[in-house]
Amino acid sequence: RPAIDVDIPASASRVELRSIITGHGGDTQNCAEFCNHQHEFLIDGRAFFREHPDIGNDRACEQRVSEGVVPNQSGSWWVGRGGWCPGQHVTPWVEDLTDIATPGESINVEYFGYLGGRTPPANAGNIRMSSWIVVYE
């Protein structure tokens, strides 16, 4: 995606990047759900990076039953996934941008998605992502 400039109101007291990112199968490679996809935001040139280390842990979701994962579903409910587990809420990724977001000015925001550190191939799977710059006044 192309970079965008986001105006920060002069009355801002705190600024955050908030993002919810999950990978889901589909397509031919079924990789977004069961591969470690990576996400990078460059905010005024400063990198914020997120990946999904539960991939490869065959019990990652099973180990989170006490945190809201719904057990004993059909399929492979117990296997670690890209950003979510069946039945469990998705915790937002939050980064504090207050120290780089000057009130009354703008910040430049760029986003990059990777698979294995590179641009994902076609048909690798589906990423569901919602991201916001949140300003507190």
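**Sheets, pocket and rings: how the calls are made**

Q: What makes β2 and β5 count as a pair?
A: In this predicted model, β2 and β5 are joined by four bridges in the antiparallel sense. At least two bridges are needed for a pair, so the two strands qualify. Within this pairing, Leu 17 stands opposite Glu 95 in β5.

Q: Which strands form the open sheet that holds β5, and in what order?
A: Three strands form the sheet, in the order β5-β2-β7. Their pairing is antiparallel.

Q: Why are β5 and β7 called edge strands?
A: β5 (93-96) and β7 (126-136) each pair on one side only. The twist from one strand to the next averages 15°.

Q: How do you know that β1 and β6 pair?
A: Four bridges join β1 to β6 (residues 106-115), and these strands run antiparallel. The rule asks for at least two bridges, so β1 and β6 are a pair. Ile 4 stands opposite Val 109 in β6.

Q: Where does β1 lie in the order of its sheet?
A: The order is β1-β6-β3-β4, an open sheet of four strands with antiparallel pairing. The edge strands are β1 (4-7) and β4 (46-50), each pairing on one side only. Here the twist averages 25° from one strand to the next.

Q: Is Asp 44 buried, exposed or in between, and what makes it so?
A: The relative accessible area of Asp 44 is 41%. Buried means under 20% and exposed means over 50%. The value falls in between, so Asp 44 is partly exposed.

Q: Why does Asn 72 fall in its accessibility class?
A: Asn 72 has 68% relative accessibility. The cut-off for exposed is over 50%, so Asn 72 counts as exposed. Asn 72 also has a positive phi, about 60°, although it is not a glycine. Its place is in the loop between β4 and β5.

Q: What makes Trp 77 and Trp 78 an aromatic pair, and of which kind?
A: Their ring centres are 6.1 Å apart. Rings pair if their centres lie within 6.5 Å, so Trp 77 and Trp 78 form a pair. The angle between the planes is 85°. Over 60 degrees counts as edge-to-face, so that is the kind.

Q: Are Trp 77 and Trp 78 buried or exposed, or in between?
A: Trp 77 has 9% relative accessibility. That is under 20%, so Trp 77 counts as buried. Trp 78 has 34%. That lies between the 20% and 50% limits, so Trp 78 is partly exposed.

Q: How many aromatic pairs are there, and which residues form a cluster?
A: The count comes to four aromatic pairs. Ring pairs link Phe 41, Trp 93 and Tyr 111 into a cluster.

Q: What is the volume of the largest pocket, and which residues are closest to its centre?
A: The volume is about 350 Å³. Of the 19 lining residues, Arg 50, His 52, Asp 54, Gly 83 and Trp 84 are closest to the centre.

Q: What makes up the lining of the largest pocket?
A: By class, the lining has seven nonpolar, six polar and six charged residues. Strand β2 (residues 14-24) gives the largest share, three residues.

How values were computed: Residues are numbered from 1 along each chain as its sequence is written. This is a predicted model: local features need pLDDT of at least 70, side-chain atom pairs count only at pLDDT 80 or more; totals for chains, interfaces and linings use all residues. Side-chain values use heavy atoms; hydrogens and water are left out. On a 1 Å grid over the protein atoms alone, a cavity is a set of points where a 1.4 Å probe fits but cannot get out, and a pocket is an open set with protein on both sides within 12 Å along at least five of seven lines; lining residues have an atom within 4 Å of a point. Grid points are joined across faces, edges and corners, and a volume is the space filled by probe spheres set on the points. Ala, Val, Leu, Ile, Met, Phe, Trp, Tyr, Cys and Pro count as nonpolar, Asp, Glu, Lys and Arg as charged, and the others, Gly among them, as polar. Axes are lines fitted to C-alpha atoms, for helices over the stretch in contact, and angles run from 0 to 180 degrees between N-to-C directions. Buried means under 20% relative accessible area, exposed over 50%, partly exposed in between (1.4 Å probe, protein chains only). Rings of Phe, Tyr and Trp (its six-membered ring) pair if their centres lie within 6.5 Å; planes under 30 degrees apart count as stacked, over 60 as edge-to-face and the rest as tilted.
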